[in-house]
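Colleague: I am new to this structure. Please pick one part and take me through it closely, with the residues that meet there.

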Amino acid sequence: EPPVATVVGSSNYGGRSAYKDLESQLVLVTDDAALRGRLDEEAKSMTKYCRQVDEAALSAPDRQAPLFVRFLARLLEDLF
């Protein structure tokens with residue numbers, strides 16, 4: 001069944017957006033069959049080439065940030 005609602009706006013839920021940025025979202029709810037069909041097509045097109053990622057994929061060596069990046073991120077996290 002096609003979706004009846006969608007969220008429009010930022011999907012950034014990090015600390016910066018929660019405390020330092022102005023973020024806005026809109027929840028759109030509809031019973032219009034044509035719009036629901038278009039929402040369904042959009043959702044399918046966004047997930048067409050997606051796959052589920054497991055813990056092994058995330059912990060692979062090529063997915064790890066270099067030590068200097070982790071250090072700088074920790075050092076600068078409160079500035080941004």
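Modeller: Let me begin with a cut-off. A residue is called exposed when its relative accessible area is over 50%, and buried when that area is under 20%. Anything in between is partly exposed. Keep in mind that this is a predicted model.

The part to look at is helix 2. Helix 2 covers residues 33-47. How far apart should its ends be? The helix has 15 residues, and at 1.5 Å a residue they should span 21 Å.

Start with Ala34. Ala34 sits in helix 2. Its relative accessibility is 54%, so Ala34 counts as exposed. At the start of the helix, Asp32 comes in: one of its side-chain oxygens reaches to within 3.2 Å of the backbone nitrogen of Ala34. Pro2 is 32 residues away along the chain, yet the two C-alpha atoms are 9.9 Å apart in space.

Now step back to the loop that leads in. Thr30 lies there, between strand 2 (25-29) and helix 2. Is Thr30 buried or exposed? Thr30 has a relative accessibility of 15%, so it counts as buried. A polar atom of the Thr30 side chain lies 3.0 Å from the backbone nitrogen of Asp32. So much for the local link. Beyond its neighbours within four places in sequence, Thr30 is in contact with Val4, Leu35, Arg36 and Leu39.

Arg36 belongs to helix 2. Arg36 counts as buried, because its relative accessibility is 15%. Which residues does Arg36 touch, apart from neighbours within four places in sequence? They are Glu1, Pro2, Pro3, Val4, Thr30 and Asp31. With Pro3, the Arg36 side chain reaches the backbone oxygen at 3.1 Å. With Glu1, Arg36 forms a salt bridge, and the closest N and O atoms are 3.2 Å apart. Glu1 lies in the segment before strand 1 (5-9) and Arg36 in helix 2, so this pair ties together parts that are 35 residues apart in sequence. What about the accessibility of the two partners? Glu1 stands at 87% relative accessibility, so Glu1 counts as exposed. Arg36, at 15%, counts as buried.

How many salt bridges does the structure hold? There are two. The other joins the side chains of Asp40 and Lys44, at 3.1 Å from N to O. Asp40 and Lys44 are four residues apart in helix 2, so about one helical turn separates them. The general rule is that an α-helix has 3.6 residues a turn, so residues three or four places apart point the same way. Lys44 is exposed, because its relative accessible area is 54%.

To put the pieces together: near the helix start, Asp32 reaches the backbone nitrogen of Ala34.

How values were computed: Residues are numbered from 1 along each chain as its sequence is written. This is a predicted model: local features need pLDDT of at least 70, side-chain atom pairs count only at pLDDT 80 or more; totals for chains, interfaces and linings use all residues. Side-chain values use heavy atoms; hydrogens and water are left out. Helices (H or I, at least four residues) and strands (E, at least two) are DSSP runs, numbered from the N terminus. Buried means under 20% relative accessible area, exposed over 50%, partly exposed in between (1.4 Å probe, protein chains only). A polar contact is a pair of N or O atoms within 3.5 Å; within protein, one must be able to donate a hydrogen and the other to accept it, and residues adjacent in sequence count only if both atoms are side-chain atoms. Contact means heavy atoms within 4.5 Å. The expected span of a helix is 1.5 Å times one less than its number of residues. A salt bridge is a side-chain nitrogen of Lys or Arg within 4 Å of a carboxyl oxygen of Asp or Glu.
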